[in-house]
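My notes follow in the order I looked things up.

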Amino acid sequence: MGMLDGRSALVTGAARGNGAAIARLLAAEGAGVALVDIDGHEVVAEAARITDATGARTFGARVDVCHAADIEAAVAQAVDAFGRIDILVNNAGVLFDTPLPGLDMRLWEKTLAVNLTGPLRCIDAVVPELIKQGDGGAIVNITSIAASIGFDDYVAYCASKAGLMGVTRAAALALAPHRIRVNAVAPGIIDTDMTKGLYADPAAAAAIIERIPLGYIADPVEVAKAVLYLVSDLSTYVTGTELLVDAGYVVR
Ligand SMILES: NC(=O)c1ccc[n+]([C@@H]2O[C@H](COP(=O)([O-])OP(=O)(O)OC[C@H]3O[C@@H](n4cnc5c(N)ncnc54)[C@H](O)[C@@H]3O)[C@@H](O)[C@H]2O)c1
C-alpha cells in the first residue's frame with residue numbers, strides 16, 4: 001500500500017530534474033500524477049517512463065505556467081483522468097544570471113513571471129477544485145536557499161524565491177479554513193540541468209562542495225522525499241513552513 005493511494009497530484013516543471021523525481025516518487029506511493037512542463041515533448045515521455053516504472057496512472061501535458069489557460073486545461077484534464085485532485089507541487093522554475101548593476105529587466109520580468117506569478121496562477125486554478133471536493137489538500141512550493149540568503153549574481157532569482165515563500169505563508173493562512181496545507185521545500189545544491197553549469201569545472205565543483213556541510217551535491221530524489229513528507233499524512237499538522245533540504249548550507 002502506498003502513502004498516496006487514491007490521491008492525485010499535479011507537478012509543474014516535471015519533464016526533468018527535481019520535478020521528474022517528485023512525480024516519480026508520488027507515483028511510486030500510489031498517486032495518479034499529471035506531469036506538466038513547457039517542454040511538452042519531454043514531459044509526455046517522462047510521464048510514460050514513470051508509468052512503465054511504477055504502474056501508476058500518469059499523463060504529460062505541455063503547460064506554460066505563465067499562461068492561465070494552459071494551467072486551467074491541465075487541471076481539468078487531471079480531474080477528468082483521476083476523478084479528483086489532492087496535491088499541487090509548484091516546481092517549474094528558471095535561473096538566469098542577473099548581476100547588478102545593469103539589471104536586465106527582461107530577465108527580471110521573466111524570472112518573476114515563471115517563479116512567482118506562475119505558482120500563484122496554479123494555486124488559483126487548483127484551489128477551487130480542492131474546496132469543491134471538501135476534504136482538504138496539500139500544496140508545496142519549491143523555493144530555494146536563495147529565499148534565505150543572497151547570491152550576488154542572481155538578484156531576480158533570489159527575489160522570486162523569497163516572494164514565493166511569502167506566498168506560501170499567506171496562502172497557508174488563507175486556505176487553512178479549507179484544510180488545505182501550503183508549505184515550501186527549499187533545496188540547496190541539487191544536480192540538475194539548472195545547476196550543472198555551476199560545477200562543470202572541477203575547481204568550481206570543489207569550491208561548491210567545500211561550502212556544503214554534508215559535503216556533496218544531491219540527487220533530486222532528496223527533494224522528492226521532502227515533498228512526499230509534506231503532501232502525505234505524515235505532515236497533517238504542518239502548514240506555512242519551509243523545509244530546507246540543503247545539507248546544512250544555510251545554517252553554516
Ligand atoms: N537544482 C537546484 O540546485 C535547485 C536549488 C534550489 C531550487 N531549485 C528549484 O527546483 C525547481 C526545479 O528546478 P531543477 O533544478 O529541476 O531545474 P531544471 O531546469 O532541470 O527543471 C526545470 C523545469 O521547469 C520547466 N519550466 C521552465 N519554465 C517553465 C514554464 N514557464 N512553464 C512550465 N515549465 C517550465 C523546464 O522546462 C524544466 O523542465 C525550480 O523551481 C528551481 O528553482 C533547484
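I began with strand 3 (residues 58–62). Four of its five residues are buried, so strand 3 is largely enclosed by the rest of the structure. For me, buried means under 20% relative accessible area, exposed means over 50%, and partly exposed lies in between (1.4 Å probe, protein chains only). Helices (H or I, at least four residues) and strands (E, at least two) are DSSP runs, numbered from the N terminus.

Ground rules before going on. This is a predicted model: local features need pLDDT of at least 70, side-chain atom pairs count only at pLDDT 80 or more, and totals for chains, interfaces and linings use all residues. Residues are numbered from 1 along each chain as its sequence is written, and side-chain values use heavy atoms, with hydrogens and water left out.

**Strand pairing**

I looked up the partner of strand 3. Strand 2 pairs with strand 3 in the parallel sense, over five bridges. Two strands count as paired if DSSP finds at least two bridges between them. Strand 2, helix 2 (residues 40–54) and strand 3 form a right-handed β-α-β unit. Right-handed means that, with the strands pointing away from the viewer, the path from the first strand over the helix to the second runs clockwise.

Next I went to strand 4 (residues 87–90). Ile-87 and Val-89 point one way, Leu-88 and Asn-90 point the other way, and all are buried. Strand 1 (residues 8–12) pairs with strand 4 in the parallel sense over three bridges. There, Ala-9 has Ile-87 as its bridge partner. Strand 4 also runs parallel to strand 5, joined by four bridges. In that pairing, Asn-90 is bridged to Asn-141 of strand 5. The chain crosses from strand 4 through helix 4 to strand 5, and this β-α-β crossover is right-handed.

Is Asn-141 buried or exposed? Asn-141 has 0% relative accessibility, so I logged it as buried. It lies in strand 5 (residues 137–142). I then listed its contacts (heavy atoms within 4.5 Å). Leaving aside neighbours within four places in sequence, Asn-141 touches Asn-90, Pro-119, Ile-123, Leu-164, Thr-168, Val-182, Asn-183, Ala-184 and Val-185.

Not counting residues up to four places away in sequence, Ser-8 is in contact with Gly-32, Phe-82, Arg-84, Ile-85, Asp-86 and Ile-87.

**Pockets**

A pocket here is an open set of points on a 1 Å grid over the protein atoms alone, where a 1.4 Å probe fits, with protein on both sides within 12 Å along at least five of seven lines; lining residues have an atom within 4 Å of a point. Grid points are joined across faces, edges and corners, and a volume is the space filled by probe spheres set on the points.

The largest pocket holds about 1,000 Å³ of space. I counted 46 lining residues, with Gly-93, Leu-95, Tyr-157, Thr-192 and Met-194 nearest the centre. Elements giving two or more residues to this lining are helix 1 (17–28), strand 2 (32–37), helix 4 (105–133), helix 5 (155–175) and helix 6 (202–211). By class, the lining has 24 nonpolar, twelve polar and ten charged residues. Ala, Val, Leu, Ile, Met, Phe, Trp, Tyr, Cys and Pro count as nonpolar, Asp, Glu, Lys and Arg as charged, and the others, Gly among them, as polar.

The second largest pocket holds about 230 Å³. Of its 13 lining residues, Arg-7, Asp-135, Gly-136, Gly-137 and Asp-233 are closest to the centre. I sorted this lining into three nonpolar, three polar and seven charged residues.

Most residues other than glycine have a negative phi, and most peptide bonds are trans. I looked for exceptions.

- Leu-100 and Pro-101 are joined by a cis peptide bond, with omega about -5°. Pro-101 sits in the loop between strand 4 and helix 4.
- Arg-179 is not a glycine, yet has a positive phi of about 60°. Arg-179 is exposed, at 54% relative accessible area.
- Ala-247 also has a positive phi, about 55°. It lies in the segment after strand 7 (242–245).
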